[in-house]
Amino acid sequence: MYAKFHSIGAYVPSKVLSNADLEKMVDTSDEWILKRTGISQRRIAKRDEYTSDMATEASKLAIERAGLESSDIDLIICATVTPDYFNMPATACIISDKLGIKNVQAFDISAACSGFVYALSIARAFIESGMKKHVLIIGAEKFSSIVDYTDRSTCILFGDGAGSAVISATEDKEEAFIDVHASADGSYSDFLVTPAPGCVNPVSQQVIEEGLNFVQMKGNETFKLAVKTLTKDVKNILLKNGIKAEDIPHFIPHQANYRIIKAVGDSLKMKEEQVVLTVGKYGNTSAASIPMAINDIYESGRLKKGELMLLDTFGGGLTWASALMPFAGESR
């Protein structure tokens, strides 16, 4: 029994936060943001629109596109660092209830921007072991809830959204996952961190006053390590599986920063049409980034059944992951 990438779905909030809007909030400019990041806008969820709400909408779409009913799903995994609650119940449990799915295993994972590909590796293991048949995996973030909109170094980067995929069992090896790599190095944990709430910094007035509940990032250090790690990981997975970079129709990197994506793509000598780019219109949506990008090329008709996808991501932890698989869903 093999695991296949059966379907994709995504959801983005309606509110757009443009660079022009940010110019009115912090000392920055559209020109500076575009030059540094390639981001022109990002989506922001409503006050009463939660991570589970966005994830539920994306999941409904993924389940429908897989030709399944909610009752066919036998495992739900939600990758997020912005759960509805810190830290229980799991957002996956809330999603299962909103989808009307009862008595099914559901849990969250926290691997920041690498979360979706980490979830892929878990789903694959469950399916290839014979334990599950249809796994719903989700990357969903309401990053606006942990961003300090007076901090120009972080508020320009992040947006909200959700992406979901159904990973299903198949006996057809042509549809199967080729490989998934996932790794971490906790010695760089301070590069990207939300200091509170947690047992290190429990909720207190001091935590609020110091803004420890907001995401903090060492931007330059993260940038350099991201380029190095992403490039090495992609080269390793391609070499291991005897696949050349030029044979990848869809390279789908984590959408964090255009300069990182370009540096990795150039290092791999990939053509512009091979590299999927959505960072300009969505910003960095963390765990939702890759499934939202896959959904973009699916809905535009660029992603066809059987075409190879190479996923590559890097996030807080520090974590990183890559995956190779054909798209096994029906073409748009």
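## Cavity

This predicted model holds 1 cavity of 30 Å³ or more. The space inside the largest cavity comes to about 30 Å³.

Its lining is formed by His6, Ser7, Ile8, Arg65, Tyr298, Phe327, Gly329 and Glu330. Strand β1 (residues 2-11) supplies the largest share of that lining, 3 residues. Sorted by class, the lining of the largest cavity has 3 nonpolar, 3 polar and 2 charged residues.

## Helices α3 and α4

Two packed helices are described by the angle between their axes and the distance between the axes. Helix α3 (residues 51-65) and helix α4 (residues 91-98) cross at roughly 50°, and their axes come within 9 Å. The crossing of α3 past α4 is right-handed.

On the α3 side, the contact is made by Thr51, Ser52, Asp53, Ala55, Thr56 and Ser59, and on the α4 side by Thr91, Ile94, Ile95 and Lys98. The contact of α3 with α4 has 5 polar, 3 nonpolar and 2 charged residues.

## Helices α8 and α9

Helix α8 (residues 219-240) packs against helix α9 (residues 258-267) at an angle of about 35°, and the axes are 9 Å apart. Here α8 passes α9 in a right-handed crossing.

From α8, the residues Phe223, Ala226, Val227, Leu230, Thr231 and Lys235 take part in the contact; they meet Arg259, Ile260, Ala263, Val264 and Ser267 of α9. The residues of this contact of α8 with α9 comprise 7 nonpolar, 2 polar and 2 charged.

Methods: Residues numbered from 1 in each chain as written. Predicted model: local features only at pLDDT ≥ 70, side-chain atom pairs only at ≥ 80, totals over all residues. Heavy atoms only, no water. Axes fitted to C-alpha atoms, helices over the stretch in contact; angles between N-to-C directions. Helix = DSSP H or I, 4+ residues; strand = E, 2+ residues; numbered from the N terminus. Left-handed = near helix turned anticlockwise from the far one by under 90°. Contact = heavy atoms within 4.5 Å. Nonpolar A, V, L, I, M, F, W, Y, C, P; charged D, E, K, R; others polar. 1 Å grid on protein atoms, 1.4 Å probe; cavity = no way out; pocket = protein on both sides within 12 Å on 5 of 7 lines; lining within 4 Å. Points joined across faces, edges and corners; volume = space filled by probe spheres on them.
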